[in-house]
2 protein chains.
Amino acid sequence: MKHELLFLGKIKDKFLTEGVEEYASRLRHYTSFYITLLKEKGRARGQQSAVDSEGMLLLQAIPTGALVVVLDPRGKQFSSEALSRQIDEWEMQGVKQVCYLIGGPDGHSSSVLQAADLLLSLSQMTFTHDMTRMLLVEQLYRAYTIKAGEKYHK
Amino acid sequence: MKHELLFLGKIKDKFLTEGVEEYASRLRHYTSFYITLLKEKGRARGQQSAVDSEGMLLLQAIPTGALVVVLDPRGKQFSSEALSRQIDEWEMQGVKQVCYLIGGPDGHSSSVLQAADLLLSLSQMTFTHDMTRMLLVEQLYRAYTIKAGEKYHK
């Protein structure tokens, strides 16, 4: 099963970029994993029209037939073990590709939320979208080590 | 109010060390923040006696009179806003120092759990203890920006 992470704008902090790269390279030992960086348009923070147009960019980038997971604080929380079982389940259902959408600082547009097959929340706490990227890749890597019965997840 | 983070063993990933340093330096613009690194003893992973002796090291390092927050996946989850309000509340109660205990890969001993004034969970997901360190410092920094009514938390 192929996993693709779609996000808007470059990561600002160097250590988070390094973290994403580190976990992505570990994850690729287990499965196909792609990151697609979409170009963020210049905009005033909090502007609704910008959230909508960013949403359009994300939606247009979803590969045909992919299962859509949208990262959102109001989403469902999983334990690492439950996320690992969810991936197993998708595989058994014949899902070929899962696409993860991480929004900008003002969150997702309603059309993105509606397009979600799953709304996933990493924590009740708010993280920056850059931090969310790194945590998601780390959790995908962890999910595959759990599937493989390996040590890292402890 | 002074915050002190107690943990065992050096951080293994360079990007997480950099992350901790980055958020710690931002947090120090708002409040006193100290990190105390305790020396991890060599041990076999999963050994109960090691968890207990690590627990003793942590407990001995708690400053007298400090409020004790133990990071544990079974603890209470807070939103970033709720953590910020909790810090306000501690300040109003006259708490002078809060001490945060992060355990090793096998978690905390029962004596550490019993010493906790608050068991705090960052997520239902399991993170490495190194990642937990970075996330906690980031959330403390975020809590202070929320208190100050600043932009970062969005």
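This is a predicted model: local features need pLDDT of at least 70, side-chain atom pairs count only at pLDDT 80 or more; totals for chains, interfaces and linings use all residues.
**Ground rules.** Local features here need pLDDT of at least 70, side-chain atom pairs count only at pLDDT 80 or more, and totals for chains, interfaces and linings use all residues. Residues are numbered from 1 along each chain as its sequence is written, with chains lettered from A and ligands numbered from 1 in the order in which they are written.

**Sheet, chain B.** I looked up the strands (DSSP runs of E, at least two residues, numbered from the N terminus). I found 5 strands in an open sheet, ordered β2-β1-β4-β3-β5, with parallel pairing; to pair, two strands need at least two DSSP bridges between them. The edges are β2 (32–38) and β5 (118–121). Strand β1 (residues 2–8) of chain B is joined to β4 (residues 97–102) of chain B by 6 bridges, and Leu6(B) has Leu101(B) as its bridge partner.

**Helices, chain A.** Next I checked helices (DSSP runs of H or I, at least four residues). The axes (lines fitted to C-alpha atoms over the stretch in contact, angles 0 to 180 degrees between N-to-C directions) of α1 (residues 14–27) and α5 (residues 129–147) of chain A come within 9 Å and cross at roughly 20°. That makes α1(A) roughly parallel to α5(A), the word for angles under 35 degrees.

**Helices, chain B.** I then took α3 (residues 80–92) and α5 (residues 129–147) of chain B, whose axes come within 8 Å and cross at roughly 75°. The pair α3(B) and α5(B) is therefore roughly perpendicular, a label for 65 to 115 degrees.

Note on methods: Angles under 35 degrees count as roughly parallel, over 145 as roughly antiparallel, 65 to 115 as roughly perpendicular and the rest as oblique.
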